Amino acid sequence: IHSVSLGQTPVTQQGKVNYTSFTVSAIQKRIMIDWGTDNKIPTNYFEIQRSRDGVNFKTIALVMGSDPKQINCDCYEGFDKPDASTKKYFYRLKHFAINGEIELSETRMLAINK
């Protein structure tokens with residue numbers, strides 16, 4: 001019997017990405033999402049995913065490579081624009097390794113006082 005799972009992405013844990021940092025902060029009129037890894041798992045790209053309820057996430061950006069301005073650092077960043085009606089944002093990262101493995105990060109929450 002061959003089983004197929006529809007609507008879910010398989011996540012394997014052979015090699016976990018080690019995040020050295022993962023922060024979400026409000027800077028002026030933007031939300032900055034930045035993170036770093038120990039560069040032990042070769043990265044194809046990252047997706048930045050956002051949620052307003054902490055459960056249902058949507059991809060808002062693709063990050064194809066590390067920040068070239070930061071030397072000797074496997075550092076990444078992306079930005080989001082706040083919505084006037086939303087006070088809480090949840091973000092997570094989806095890592096796509098060179099070998100095809102996919103892994104989700106922990107979730108970070110940002111509350112904005114308006």
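**A walk through the strands**

At 8% relative accessibility, V63 counts as buried (that label means under 20% relative accessible area, while exposed means over 50% and partly exposed is in between, using a 1.4 Å probe and protein chains only). This is a predicted model, where local features need pLDDT of at least 70 and side-chain atom pairs count only at pLDDT 80 or more, while totals for chains, interfaces and linings use all residues. Residues are numbered from 1 along each chain as its sequence is written, and side-chain values use heavy atoms, with hydrogens and water left out.

So where is V63? Look in strand β4, residues 58–63. Strands here are DSSP runs of E with at least two residues, helices are runs of H or I with at least four, and the numbering goes from the N terminus. V63 touches W35, Y45, F46, I48, Y76 and E77, leaving aside residues up to four places away in sequence; touching, or contact, means heavy atoms within 4.5 Å.

Now hop over to strand β2, residues 30–37. Six of its eight residues are buried, so β2 is largely enclosed by the rest of the structure. β2 runs antiparallel to β1, with eight bridges joining them, and V24 stands opposite I33 in β2. Two strands count as paired if DSSP finds at least two bridges between them. β1 and β2 form a hairpin with two residues between them, and Q28 in the turn has a positive phi of about 55°. β2 also runs antiparallel to strand β5 (residues 74–80), through seven bridges, and here D34 stands opposite E77 in β5.

At 40% relative accessibility, N18 counts as partly exposed. N18 touches G36, T37 and D38, again skipping residues up to four places away in sequence. The side chains of N18 and D38 are joined by a polar contact of 3.1 Å: a pair of N or O atoms within 3.5 Å, where, within protein, one must be able to donate a hydrogen and the other to accept it, and residues adjacent in sequence count only if both atoms are side-chain atoms.

Finally, some charges and rings. R30 lies over the face of F79, 3.8 Å from the ring centre, and R92 lies over the face of F57, at 4.0 Å. To qualify, NZ of Lys or CZ of Arg must be within 6 Å of the ring centre and within 35 degrees of the ring normal.
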